[in-house]
Amino acid sequence: MSTNLAERVAARRNTPARQTTRGAAAPQPNLVQFVQSMRGEIARALPAHVANPERIARIALTELRRVEHLAECTQESFGGALMTCAQLGLEPGGALGEAYLLPFWSKKARAYEVQLVIGYQGMIRLFWQHPAAAGLAAHTVHENDDFEFEYGLAPVLRHKPARSNRGRPTDYYAVATMANGGSAFVVMSVEDVEAIRQRSKARDSGPWSTDYDAMARKTVIRQLFKILPKSSELARAVAHDEGVRRDTTPEGLDVPPDYIEGEVVEQQSEGSVEDVPAEFAGWPEATEPGSTADGS
């Protein structure tokens, strides 16, 4: 038996390693070809007012080169996220802040998968597609601003920003007006926003890391949308936000995506990752659902 083991070890050493380690170039051409093959589906999925499938595909290819680990994601999740963007008419890149394609390690799939995060600008764009929409605004309140709000039968919202030295942020709010004259607003403290951020898989990466203020305003807008009439596109966007879609057919937009609450891609120190294939050694690992950043 020892001879057989030695032979197997020798054979493994003489066999070229699969290019699946971090920084390998093999996975990217596969997804590049996959995006190229999806151009026809993207063109058919785009809404009538968005008539440039080539731009959507081109941005997707740019994101594959720009975002670390995105090229290593499964084709199903990447294609699902791309189709969601196409069907909603949103650009899948961070330049406009409409949507973000974020990779995360899934213990269940034992692979990287794409999480779609609808951005602040994407939510606003979809809101304006509703025929009853008349106005939407979201702002940050700082400690030296003059700010007052009150809910109830006679709600009050008044915000006068300080002209200088506004201080640290204390609250975020969103207010919407409708064509029939109605209006509504929601106010959230920094602590309220943080509580929601902590439940996000991408709480320490992607737009939460690079565009915190915009994501905070998006968070309060999402809360406002719960009490407003929504277009079908906006309702679907809210449903798919921070989800994983593995169905690239047009009908996949009407199927609830997969959510893995609290599964976060975090960089681990070398040798600290357990239950990960050897070829993935050194890759970021996801924390267990319900755990916190400090492991408690």
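Good morning. S77, G80, A81, T84, V114, L116, H240, G243, V244 and R245 line the largest cavity. The model is predicted: local features need pLDDT of at least 70, side-chain atom pairs count only at pLDDT 80 or more, and totals for chains, interfaces and linings use all residues. Residues are numbered from 1 along each chain as its sequence is written, and side-chain values use heavy atoms, leaving out hydrogens and water.

A cavity here is a set of points, on a 1 Å grid over the protein atoms alone, where a 1.4 Å probe fits but cannot get out; lining residues have an atom within 4 Å of a point. Searching the whole structure gives one cavity of 30 Å³ or more. Its volume, the space filled by probe spheres set on the points, is about 30 Å³.

Which helix supplies the largest share of the lining? That is α5, with four residues; helices (H or I, at least four residues) and strands (E, at least two) are DSSP runs. Both α5 (75-88) and β2 (111-118) supply at least two lining residues each.

I turn to the sheet. Three strands form an open, antiparallel sheet in the order β3-β6-β7, where two strands pair if DSSP finds at least two bridges between them. At the edges are β3 (133-142) and β7 (183-189), each pairing on one side only. Nine bridges join β3 to β6 (residues 169-178), and A133 has M178 as its bridge partner in β6.

Finally, helix α6 (residues 120-127) packs on the sheet and touches β3 and β6, contact meaning heavy atoms within 4.5 Å. Thank you.

Definitions and conventions
1 Å grid on protein atoms, 1.4 Å probe; cavity = no way out; pocket = protein on both sides within 12 Å on 5 of 7 lines; lining within 4 Å. Axes fitted to C-alpha atoms, helices over the stretch in contact; angles between N-to-C directions.
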